[in-house]
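Please work through the following exercises on helix packing and model confidence. Each task is followed by a solution in steps.

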Amino acid sequence: MIVRPYLLAVCLAALGCAVGCSAAPPAEHGAAVRQAAQGAYTGSVLLLRAVDEVAFRWQESVKEPNPTQLETSRQIRDAVELGRAALAKAKPCIEAGGSCVEELGKFVEQARTVAALLSAMGVNLPDEVRGVLEFVSGYAGRGES
Amino acid sequence: MSALESLLVTTALEAAKQLAPEALAGLIAWIKSESDDEPAALAELPVTLKTAIGHERMVARAAKSG
């Protein structure tokens with residue numbers, strides 16, 4: 001599983017804090033959290049670009065849109081915009097060295113919405129994109145059960 | 001993009017690749033081959049979203065067709 005290194009790093013950091021968090025957590029745990037969060041954030045930014053590209057291609061492929069397709073396009077546009085806003089909000093958290101799970105989780109929800117809307121239109125995300133979506137979902141605790 | 005910004009982007013991409021080499025390297029390769037996004041800016045939030053442009057074009061085509 002791709003998500004395990006992230007989860008392990010975050011769990012170790014959380015465990016370190018839970019065991020002895022009267023003072024600051026050990027530096028190596030803080031570094032692991034920062035590294036995991038930075039990786040998940042960067043993956044999310046790449047994911048946003050890829051989802052935006054796939055959805056744009058679908059929009060361009062529809063030559064004479066019907067009302068359902070227009071509504072789907074509007075929902076995709078809004079979800080991509082909300083996803084970008086979630087990542088913009090996550091950035092200061094990442095820079096501050098936090099785990100930022102909540103912020104990245106909001107992005108994941110929007111990315112999943114776009115994937116579902118595209119799927120309803122017969123468009124599936126490429127394997128390269130789906131793999132990273134699962135990876136970031138795992139980090140943000142939004143994985144499929 | 002300044003030299004410092006470029007360095008930060010590169011560092012972020014490297015950090016990501018270390019943590020999930022297969023998944024992220026594959027996605028970076030996909031974006032580089034399938035989109036016209038500037039490679040040096042891949043780790044930055046896009047300023048313009050293509051789906052916003054795509055939606056406007058769809059609306060225009062729908063109006064034109066009927």
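The model is predicted: local features need pLDDT of at least 70, side-chain atom pairs count only at pLDDT 80 or more, and totals for chains, interfaces and linings use all residues. Residues are numbered from 1 along each chain as its sequence is written, chains are lettered from A and ligands numbered from 1 in the order in which they are written, and side-chain values use heavy atoms, with hydrogens and water left out.

**Exercise 1. Confidence**

Determine where confidence is lowest and where it is highest in chain A.

Step 1. The score is pLDDT, the predictor's confidence in each residue, from 0 to 100. Chain A has a mean of 82, with 78% of its residues at 70 or more.

Step 2. Helices are DSSP runs (H or I, at least four residues), numbered from the N terminus. In chain A the lowest mean, 38, belongs to helix H1 (residues 4–20), and the highest, 97, to H3(A).

Step 3. Over residues 1–25 of chain A, pLDDT stays under 50, and the model has 24 contacts (heavy atoms within 4.5 Å) beyond four places in sequence for this stretch. Where pLDDT is low, the predicted coordinates should not be read in detail.

Step 4. Chain B has a mean pLDDT of 82, and 71% of its residues reach 70 or more. Its lowest mean is 63, in helix H1 (residues 3–19), and its highest is 96, in helix H3 (residues 50–65). For the complex, the predictor gives an ipTM of 0.78 and a pTM of 0.79.

**Exercise 2. A helix pair within chain A**

Describe how H3(A) and H4(A) pack.

Step 1. Axes are lines fitted to C-alpha atoms, for helices over the stretch in contact, and angles run from 0 to 180 degrees between N-to-C directions. Helix H3 (residues 67–95) and helix H4 (residues 101–120) of chain A pack at about 160°, with axes 8 Å apart.

Step 2. H3(A) is therefore roughly antiparallel to H4(A) (the class for angles over 145 degrees).

Step 3. The crossing is left-handed, that is, the near helix is turned anticlockwise from the far one by less than a right angle.

Step 4. The contact residues include A:Ile76, A:Gly83 and A:Cys93 of H3(A), and A:Phe107 and A:Leu117 of H4(A). By class, the contact of H3(A) with H4(A) has 13 nonpolar, five polar and three charged residues. Here Ala, Val, Leu, Ile, Met, Phe, Trp, Tyr, Cys and Pro count as nonpolar, Asp, Glu, Lys and Arg as charged, and the others, Gly among them, as polar.

**Exercise 3. Between the chains**

Which residues of H3(A) and H3(B) meet, and which side chains form a salt bridge with B:Glu34?

Step 1. The axes of H3(A) and H3(B) come within 9 Å and cross at roughly 160°, so H3(A) is roughly antiparallel to H3(B).

Step 2. A:Gln69, A:Leu70, A:Ser73, A:Arg74, A:Ile76, A:Arg77 and A:Val80 meet B:Thr51, B:Ala52, B:His55, B:Glu56, B:Met58, B:Val59 and B:Ala62. By class, seven are nonpolar, four polar and three charged.

Step 3. A salt bridge is a side-chain nitrogen of Lys or Arg within 4 Å of a carboxyl oxygen of Asp or Glu. A:Arg57 forms one with B:Glu34, at 3.0 Å from N to O. This pair crosses between chains, from helix H2 (residues 27–61) of chain A to helix H2 (residues 21–34) of chain B.

Technical notes
Helix = DSSP H or I, 4+ residues; strand = E, 2+ residues; numbered from the N terminus. Parallel < 35°, antiparallel > 145°, perpendicular 65-115°, else oblique.
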